[in-house]
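Look over the structure below before reading the points.

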Amino acid sequence: MPIKNQTMTQKNNKIKDVCLDQGPQENHTAILYPCHGWGPQLARYTKEGYLHLGALGTTILLPDTRCLVDNVKSKLPQLLDCEKVKSSLHKRWNFIQHGAILNKGTGRCLEVENKGTSGMDLILRSCTGQRWTIKHFIK
């Protein structure tokens, strides 16, 4: 059953102690970063299927809270103002606890890719069976 309107830090089964994170705002891309549970790592999955990263509350009052988007052009997941994204499917995701994070518009999954000695990358690609879990959540 999909998790709806939940707040969490999200972790991937391929790597320990690293969470989904906003990264530098000027890059507009989500990253992996050591888990600390503060604002940039707070993820909110809504009943509409949006996945927001940033402080809790309305995105109007908290402009640093951004929406995870698959813009089709890049393999990197974008973080943008949800209201400014034209294609509603590119900002909608299917997420199930211990399952994939799948973009409804592109069919690509949010996944972790090994970069060799320089760590791991957060990318969008065809699903390979990676699983995401909620570390903490509030109903």
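The accessible surface of the chain comes to about 7400 Å², and carbon and sulfur atoms account for 55% of that area. The model is predicted. The chain has 13 strands and zero helices.

**Overall make-up**
- Of the 139 residues in the chain, 42% count as buried.
- Taking contacts between residues at least 6 apart in sequence, 48% join residues at least 24 apart.

**Salt bridge between Arg108 and Asp70**
- The whole structure holds five salt bridges, and one of them joins the side chains of Arg108 and Asp70 at 2.5 Å, N to O.
- Arg108 sits in the loop between β10 (101-103) and β11 (109-114), while Asp70 sits in the loop between β7 (66-69) and β8 (78-80), so this pair ties together parts 38 residues apart in sequence.
- Arg108 has a relative accessible area of 18% and is therefore buried, the cut-off being under 20%.
- Asp70 also counts as buried, at 0% relative accessibility.

**Salt bridges of Glu113**
- Glu113 forms a salt bridge with Lys75, with the closest N and O atoms 3.4 Å apart.
- Glu113 belongs to strand β11 and Lys75 to the loop between β7 and β8, so the pair ties together parts that are 38 residues apart in sequence.
- Glu113 is partly exposed at 24% relative accessibility, and Lys75 is partly exposed at 43%.
- The side chains of Arg125 and Glu113 meet in a salt bridge at 3.6 Å, N to O.
- Arg125 lies in strand β12 (residues 120-125) and Glu113 in strand β11, so this pair ties together parts twelve residues apart in sequence.
- Arg125 is partly exposed, with a relative accessible area of 24%.
- A network of salt bridges links Lys75, Glu111, Glu113 and Arg125.

Definitions and conventions. Residues are numbered from 1 along each chain as its sequence is written. This is a predicted model: local features need pLDDT of at least 70, side-chain atom pairs count only at pLDDT 80 or more; totals for chains, interfaces and linings use all residues. Side-chain values use heavy atoms; hydrogens and water are left out. Helices (H or I, at least four residues) and strands (E, at least two) are DSSP runs, numbered from the N terminus. Buried means under 20% relative accessible area, exposed over 50%, partly exposed in between (1.4 Å probe, protein chains only). Contact means heavy atoms within 4.5 Å. Accessible areas come from the Shrake-Rupley method with a 1.4 Å probe; for residues, only the protein chains shown count as cover. A salt bridge is a side-chain nitrogen of Lys or Arg within 4 Å of a carboxyl oxygen of Asp or Glu.
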